[in-house]
Amino acid sequence: MKKLLLSTAAALTAMTGAALADAHSVSACLITKTDTNPFFVKMREGAAAKAEELGISLNSYAGQVDGDNEAQVAAIETCIANGASGILLTASDTAAIVPSVEQAREAGLLVIALDTPLEPIDAADATFATDNFLAGELIGQWAAATMGDDAANAKIAMLDLAISQPTVGVLRDQGFLTGFGIDTKDPGRWGDEDDPRIICNEVTAGNEEGGRTAMENCLAVDPDINVVYTINEPAAAGAYEALAAVGRENDVLIVSVDGGCPGVQNVADGVIGATSQQYPLLMASLGIEAIAQYAKDGTLPANTEGKDFLDTGVSLVTDKPADGVDSISVAEGTDRCWG
Amino acid sequence: MADTQDYETVVKAPAAEEVAHFEDDHKGLLGKVQHALHVNPALVPLIILVVATSLFGILIGQRFFSAGTLTLILQQVQIVGVLAAAQTLVILTAGIDLSVGAVAVLCTVIMGQFTFRYGLPAELSLLIGLAFGAVIGAISGFLVSRVKIPPFIVTLGMWQIVLASTYLFSRNETLRSSQLREEAQTLLFLGNKVSIGGANFTFGVILMILIVVGLAYALRSTAWGRHVYAVGDDPEAAQLAGVNVHRTLMSVYILAGLICAVAGWVMIGRFSSVSPSASTGVIGNIQAITAVVIGGISLFGGRGSIYGAFFGALIVGVFEMGLRMQGADPQWTFMLIGMLIIAAVAVDQWIRKVSA
């Protein structure tokens, strides 16, 4: 019995020692909105692979539901207490998370916003993101070029993200309208446009169910809608179902943003006309590299020239290229897709 | 006056003769444990709390077992802790309140928007926010006690009504920390902290502890508190014994609403911002019920201690922090908490056999 106690005590001491030693090596945190969305799953994979390559320990956290600010605050606090060197964060509430981010930065952690810029954008040390405005602009240009002269009489359904108007949703929406040639009024808000070609603005929560309901609502307003902008591919898939239910799936142009594998497959199948592909895996792996660099010599990551964030790139994926709009083929898009 | 009848002699005489006798059937160690748990319902959660804290302390070491981290857990549970106090009151009357989190979020929005949109002094907005919580509680209480709608239904409806009001009234604006710091220090008051060594106690944490201790005293040692238990145990018996059931229920729901509003104030202090889409509005009720159930408070009413709910909230906080520090997938936390809930109620059923 005595022996057992002694060995237990020894083991415990060893474990505690190991835990303490751990705190001195470089560690990083990845905090995503949820851990179920394939976009974030891919982000986590990218971060984990890079962290292993560089010998960094990585802890991943996520909210329970999209918009879960509280869980993200708790995660940031844990990272500070854990002595991490840096945090990669896709914020659920871009304004409300700022005080916690300040706390982390004061404690000497590098905070990089991934995919979603904070409000204000300089609340984080750096932002690694898709140029969401450009992503929207590409599909807008493509839709306008594909329709040709009919674009002047288009009937457009705008299927947005959420009524709280998160920046990602606003940028994509306003980018699309700009690309299509519609005056956006205030580029910081969607829904304030007065162009008669816009039939409706509905929110989808970025999923199939929301996309379908939103599309049904829009069709109730005007059954002759012929262009559908969607915030992401799941919403696009839902919109397609609603159109198919009234037999209109073949004469409506659906465009989207994301470039997830099911989405690209939907482009191949003709469900979606074109989608702007973004690269979450790259965001996360670049983020881990930046944290490693920062832990080594304190270097802060630099922005892309002419932008207030590091642009991780975006490509238009379609098998029906339009004149004057750069795009890659579905085959190429499939090679680079995520999820 | 002579005693012609001897009804009272047996009472007056020192208890030479036993008036009533309870068989001591707590035989063996298990029986004794069962009895101890029956007398102190907060004992089980306290033991789990101590064991869980020690376990994570051993596994993670000093990063976890430090004053800074342990008090951080208190900060992380302060909102749920306060909500659980409100929830305990309602559950002790054999009710349930699904609207606690939503009421808290609505009150944060009222406190914030009255200050910024209507330009009222922050102190006044704070009072209006607190009053609003009490009013919502009063409406729920009236519907439960007078209109006789089951509490589950009343608060299910109220939850949705309050959530929708929050979005409509706030126009979905988040008030940022920079705004609040400049013009509404009062709202941020509970975010201030006292540091002793490495331990940080925010005023919100201190307030949570005061609320729990205050309610524990009121429930144990005042007539009102005993009435709450009596109404929860058996409202008809309580009525016959002269308890004003309606007034007791009203007081419980109003107080619960007020405490939820306080939780809102605690929220503003903790997050330094006012966000109408705060997830507490959607999952705060479930978190509070979880804390109460793990705390060994009977959902059938009339039994349990508010300290149990407090320990319940802390248990969840310790598990979440510990597993996060270990880098475990967050789903494991939810799974463990799910098991704890079922285990807690199983223990409750076992303890109840003592009284059966």
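Chain A has 11 helices and 12 strands, where helices (H or I, at least four residues) and strands (E, at least two) are DSSP runs numbered from the N terminus. Keep in mind that this is a predicted model: local features need pLDDT of at least 70, side-chain atom pairs count only at pLDDT 80 or more, and totals for chains, interfaces and linings use all residues. As for labels, residues are numbered from 1 along each chain as its sequence is written, while chains are lettered from A and ligands numbered from 1 in the order in which they are written.

Let's stay with chain A for a moment. Its C-alpha atoms fill a box of roughly 85 × 45 × 35 Å along the principal axes. The radius of gyration is 22 Å, which agrees with the value near 20 Å that a compact globule of 339 residues would have. That radius is taken over C-alpha atoms, and the globule rule is 2.2 Å times the number of residues to the power 0.38. Buried residues account for 56% of the 339 in chain A. Here a residue is buried if 20 or more other C-beta atoms lie within 10 Å of its own, exposed if 12 or fewer, and partly exposed in between, with C-beta atoms placed from the backbone. Now take the contacts in chain A between residues at least 6 apart in sequence: 71% of them join residues at least 24 apart. Two residues are in contact if their C-beta atoms, placed from the backbone, lie within 7 Å.

How far can you trust chain A? Its pLDDT averages 89, and 93% of the residues score at least 70; pLDDT is the predictor's confidence in each residue, from 0 to 100. Confidence is lowest in helix H1 (residues 2–24) of chain A, at a mean of 47, and highest in strand S8 (residues 227–230) of chain A, at 97. Over residues 10–24 of chain A the pLDDT is below 50, and this stretch has 13 contacts in the model beyond near neighbours in sequence.

For a closer look, go to helix H10 (residues 280–297) of chain A. Its 18 residues reach 26 Å from first C-alpha to last, close to the 26 Å expected at 1.5 Å a residue, the expected span being 1.5 Å times one less than the number of residues. Buried residues in H10(A) include A:Leu281, A:Met283, A:Leu286, A:Ile288, A:Ile291 and A:Tyr294. What do the buried residues of H10(A) pack against? They pack against strand S1 (27–32), helix H2 (38–54), strand S3 (86–89), strand S4 (110–114) and strand S5 (126–129) of chain A. Just after H10(A), A:Gly298 takes a positive phi of about 80°.

Another spot worth a click is A:Pro234, in helix H8 (residues 233–245) of chain A. A:Pro234 counts as buried because it has 25 C-beta neighbours inside 10 Å. Leaving out residues up to four places away in sequence, A:Pro234 touches A:Gly206, A:Asn207, A:Glu208 and A:Gly211. The C-alpha atoms of chain B fill a box of roughly 80 × 50 × 35 Å along the principal axes, and 51% of the 356 residues are buried. The mean pLDDT of chain B is 89, with 92% of its residues at 70 or more. Towards the end of the chain, B:Ile342 sits in helix H16 (residues 330–355) of chain B. B:Ile342 is exposed, because it has 10 other C-beta atoms within 10 Å.

So how do the chains meet? 30 residues of chain B are in contact with 32 residues of chain A. On the chain B side, the elements that give two or more residues are helix H3 (43–60), helix H4 (67–92), helix H14 (280–294) and helix H15 (306–325) of chain B. That side divides into 11 nonpolar, 15 polar and four charged residues; Ala, Val, Leu, Ile, Met, Phe, Trp, Tyr, Cys and Pro count as nonpolar, Asp, Glu, Lys and Arg as charged, and the others, Gly among them, as polar. For the complex, the predictor gives an ipTM of 0.72 and a pTM of 0.78.
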